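Trainee: I would like to learn how to read a structural model with some care, taking one feature at a time. Could we work through one together?

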Amino acid sequence: MHNITQRIQLLEQRCRLLRSICEFKVGHASDQEEPFILKQRGTRLLNDQEYCFIWAAKRGNGTNPVEPLFAAGSTSLSSEKSLALVSRFLQDNPEDNPVVQALEKGEPIRANKITPHTGQQPLDTIIKATGTQSYISWPLISNNHEYGVLTIHSTNPDGFTGSELDFIANVMADISLALYVDETAKRLRKERDFNAEIVDTVQALLISLSPCGNILSFNQKAQEVTGFSEHEVKGKYWVDVLISPELRIKSQKEFSGLLQQNGSDINFQTELETRNGERCTISWHGSFQPNIEQGTVGLVLFGIDVTSEMAAERERENALAQWNNIFSAMQDPALVVSEDGVILDINPATEFAAKRKRKDIVGKGVCEILHGGRSPGAICPLEAILLDKKNRVFETELRGLQGNYMMTISPLKEFAGKTGVALLLARDLTEEQLMKAEALRSAQLASVGELAAGVAHEINNPINGIINYAQILKDSSLQEEEAKRFLDRIIKEGKRIAGITKNLLDFSRKREEEPEPVNVINLIKHCIELVQHQFTIDGITIEQQHPNDLPNIICNPQQIQQVFLNIFSNARYALNQRQAKGDQKAKLLQIHTHATRIDGKNYVELAITDNGTGIEHEIIDRVMDPFFSTKTSGEGTGLGLSISHSLVQDNHGLFRIHSELGNYTTLLIDLPTIDQRGQSHVG
């Protein structure tokens, strides 16, 4: 009778324990893992009077097939020692242990009436310390998810049979389900957090609406653009938040029209007023959610702030309108031409000058329209210039436009999405326009003269100071002859710089000066000395040929020296440019002089020839115009030959240019001589 009462009490206790385990709420943080849940639920079984030791393990990696999770008992063994004993037991029996067998078979493994001295030392220690008479290893599996094995030790040698087995099965099912629910909850939380992070970090307005149009969510970008927090707008009707007040009625009607089209997606654009009163243009894409009647979300709005793009588009349209106005208003013919010579656009003045309709010009070759065609096999110089892609200005006859024109070619970055295009302006050179052009040249020269005068006054004083200090040093110092010779050179070069300064002044204010007899060969040699170092570095050879009986010329030597230096500078540039383009021909500068007679008067003619790039035939008459330069931007002022020509004329000489593109350039300078009586042959 006593045993029956004990069994009834045991069954009642286990029913309470099962109910307690089923009702137990794991109060753990979301970052706790499976061992915590197993320990919280499994150790409650120690409240049973027959269960003396409980431990759990799961599949490990390749080196450790089984990994212990926790161990606990109602004995004097500490948790650390218990877990150490379980670990040793699993390591000593890596394959032949109840955990591995339970996992492999997917069913419980039971051992009854066990005694120590089985040869398994860790298990013997557990048996002796806990009084274990039987144990069962039960796999924890729920919805095909495996969570490990829970092993329960009992003091009953006939344990885990009959109704007790049903009790353990219910406990294990409850623990397995708890592990599955916890894993699923963690996965859902992770997915929710990941989705929330995507929504908050996406660089677009993302807003969800209820089927009634009330705002449910408002991502970080939407808050930044509008200035409203999610808390402020949640529950409000979306039109009242996302559309400017004066546009709400109109936008609502348009939106209703889009809804009536029964599409799965809608696209529209509205103006939004932010919290601080600024206006933004938002391009919206709306996506309807399925099963709106059963869900809480009816529409998801995805918005892009296109305010800056709209402003840029308006600026582009304004710029295009301004270009069209200016292009059409030009009184001179203007053409936009591709690099291969095809006309892309023209202004009305081109139609008038060509006496053709726009449709008969656009799309045609530039040579056909401007030059009236070409001879078979001939190369159009205008097309060659277009391929060069450089700014050019030159005078030319345009038979297609019935006249002589000043042609300006200006490369454009792009036109209508095309690159390599150029703008051509053709200015008609009538007699009146030629006079205006000459007046413009005079005004330009006067401006340069004024600038030169200011620069000259600024640098003249320090130059004179250099001369004075060198003179004082020479007069007061007892130096060797070599040192004195260098001091003489300092004074001489300082005087020359001062003379150049005076030449700049003379460019704006002419002065009458008395010429003097000059040995032109010595003057040339002195100029060569000044440039010899640069020419040597560039690999330029200078050849000279002078007769022994060459007469002296009468001139201002400093002015003529400036002419020679300008010519040498241009020659050096042309020689270096030719070699830069791949022509490895030796760089040569030839200087020849001889006596000659022109119109019954005696002159010395100087011919300075370089085998550089040469000059195009079309522009050779313009190279001495002020501000005209064949050099690239920033490498020439366009004044070198203009000043040289002026200085030669001031010295009653003649200045001419002969050139062939790609072969050579020769500058001829004729300067008057002086006879034995000291009278110059001038005028």
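Trainee: In what order do the five strands of the open sheet lie, and what is the sense of their pairing?

Mentor: Keep in mind as we go that this is a predicted model. The five strands form an open sheet in the order 17-19-20-22-21, and their pairing is mixed. Strand 17 (540–545) and strand 21 (654–660) stand at the edges with a single partner strand each, so one side of each has no neighbour in the sheet. On average, and with direction ignored, neighbouring strands of this sheet are turned by 20 degrees against each other.

Trainee: Is strand 22 largely enclosed or exposed, and which strands are joined to it?

Mentor: Buried here means under 20% relative accessible area. Eight of the nine residues of strand 22 (residues 664–672) are buried, so this strand is largely enclosed by the rest of the structure. Strand 20 is joined to strand 22 by eight bridges, and the two run antiparallel, with Tyr603 standing opposite Pro672 in strand 22. Strand 21 also runs antiparallel to strand 22, with seven bridges between them, and Phe655 has Ile669 in strand 22 as its bridge partner.

Trainee: How many residues lie between strand 21 and strand 22 in their hairpin, and which residue in the turn has a positive phi?

Mentor: Three residues lie between the two strands of that hairpin, and the one to look at in the turn is Gly662, which has a positive phi of about 85 degrees.

Trainee: Turning to helices, how does the span of helix 3 agree with what its 14 residues should give?

Mentor: At 1.5 Å a residue, the 14 residues of helix 3 (residues 79–92) should span 20 Å, and because its end C-alpha atoms are 20 Å apart, the two values agree. As for the sides of a helix, an α-helix has 3.6 residues a turn, so residues three or four places apart point the same way. With that in mind, look at the buried residues of helix 3, which are Ser82, Leu85, Val86, Ser87, Phe89 and Leu90. Their cover includes strand 1 (51–59), strand 2 (66–73), helix 4 (98–105) and helix 5 (121–130).

Trainee: Is Ser646 buried or exposed?

Mentor: Ser646, which is found in helix 19 (residues 640–650), has 18% relative accessibility and therefore counts as buried. Its C-alpha atom is separated by 9.4 Å from that of Val563, although Ser646 and Val563 are 83 residues apart along the chain.

Trainee: How many disulfides does a search of the whole structure find?

Mentor: The search finds zero disulfides. Among the cysteines, Cys52 is buried with a relative accessible area of 3%, and Cys555 is buried with a relative accessible area of 1%.

Trainee: What percentage of the residues of the chain count as buried?

Mentor: Of its 683 residues, 40% count as buried, and the chain has 19 helices and 22 strands. Its accessible surface comes to about 38000 Å², with 51% of that belonging to carbon and sulfur atoms.

Notes:
Residues are numbered from 1 along each chain as its sequence is written. This is a predicted model: local features need pLDDT of at least 70, side-chain atom pairs count only at pLDDT 80 or more; totals for chains, interfaces and linings use all residues. Side-chain values use heavy atoms; hydrogens and water are left out. Helices (H or I, at least four residues) and strands (E, at least two) are DSSP runs, numbered from the N terminus. The expected span of a helix is 1.5 Å times one less than its number of residues. Buried means under 20% relative accessible area, exposed over 50%, partly exposed in between (1.4 Å probe, protein chains only). Contact means heavy atoms within 4.5 Å. Accessible areas come from the Shrake-Rupley method with a 1.4 Å probe; for residues, only the protein chains shown count as cover. Two strands pair if DSSP finds at least two bridges between them. Axes are lines fitted to C-alpha atoms, for helices over the stretch in contact, and angles run from 0 to 180 degrees between N-to-C directions. A disulfide is a pair of cysteine sulfur atoms within 2.5 Å.
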